[in-house]
Amino acid sequence: MNVEEIEKIIGYKFNDRQLCIQAFCHSSYANVKKLKDNEKLEFLGDTIVNYAVAEYLFFNVDKNEGELSKLKGKIVSTETFADIIKSLGLEQFLLLNTNGTESKKIYADLFEALVAAVMLDSDVESGKQFALKFLTPYVNKTINTEIIDYLTWLKEYADKRKSVLVYEEKSKTGTEHNPQFCFEAMLDGNILGRGVGQSKKQAKFFSAQNAYETIKHREEKF
């Protein structure tokens, strides 16, 4: 494996190059060669990437919790990670023995493993910044993509049909400091969505999202 070439591509020079090699070592190859595979690195990298993106969105995007979760779900994905690996041409360095059955999942695992390798070779902050260096374009693209405001969408849907939209609180559980509210979104008395959240606003948002998904699913069937 040409570690120097990998370092040039990713813009990071390893102190311990064995971490770089392990990140590229798929279990199918490691089991045959009796080497360490990248699965534990992938596990650690997944946590780092999730935290890095969540922190970035928290400080840079003015959206509610539901919208931020939706954004993070789009960014932190197999498709995004695999696209990064392929755009950098890093798949050519993978050590694997799968008879040509490479997949997006394998590429995505490589990205997460690489993030963890950089973090272990340096520190947590460097690992986060390494991940964001490649993820930021995807973050910005996703932020600039229209996010569905489910509450507004459902109100407009009801208005067009001259239907009566009601959000009804069904229950409140949990403690005073950690409450859980449950709301149902109903059109003309028919329950279309149910949502649970730590605030009434959050629960209503999730019930509207659930109603939106219910309506879209019904429309797809006809």
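Reader: Let's start with contacts in the protein between residues at least 6 apart in sequence: what share of them join residues at least 24 apart?

Author: That share is 53%. Keep in mind that we're looking at a predicted model. The idea here is to ask how far along the chain the partners sit, and in this protein 53% of those contacts link residues at least 24 apart.

Reader: How do I read the overall shape, say the radius of gyration of the protein?

Author: You hold it up against a reference. A compact globule of 222 residues would come out near 17 Å, but this protein has 22 Å. The C-alpha trace spans about 65 × 45 × 30 Å along its principal axes.

Reader: And what about burial: what percentage of the 222 residues is buried?

Author: A residue counts as buried when its relative accessible area is under 20%. Here, buried residues make up 43% of the 222.

Reader: Let's zoom in on a helix. Which residues of α1 are buried?

Author: Helix α1 covers residues 3-10, and its buried residues are Val 3, Ile 6, Glu 7 and Ile 10. They cover an arc of only 100° around the axis, so they sit on the same side of α1.

Reader: What covers the buried residues of α1?

Author: The cover includes α2 (17-23), α7 (104-121) and α8 (124-144).

Reader: What should I look for at the start of α1, and what follows the helix?

Author: For the start, check for a side chain reaching a backbone nitrogen. Asn 2 does that: one of its side-chain oxygens comes to within 3.3 Å of the backbone nitrogen of Glu 4. After α1 comes Gly 11, with a positive phi near 70°.

Reader: Which residues is Leu 90 in contact with, leaving aside its neighbours within four places in sequence?

Author: Those contacts are Ile 6, Ile 9, Ile 10, Phe 24, Ile 85, Leu 110 and Leu 114. Take Ile 10: it is 80 residues from Leu 90 along the chain, while their C-alpha atoms are separated by 9.0 Å.

Key
Residues numbered from 1 in each chain as written. Heavy atoms only, no water. Buried < 20%, exposed > 50% of the residue type's maximum accessible area, 1.4 Å probe, protein only. Helix = DSSP H or I, 4+ residues; strand = E, 2+ residues; numbered from the N terminus. Arc of directions from axis to C-beta. Contact = heavy atoms within 4.5 Å. Polar contact = N/O pair within 3.5 Å; in protein donor to acceptor, adjacent residues only side chain to side chain. Rg over C-alpha atoms; globule rule 2.2 N^0.38 Å.
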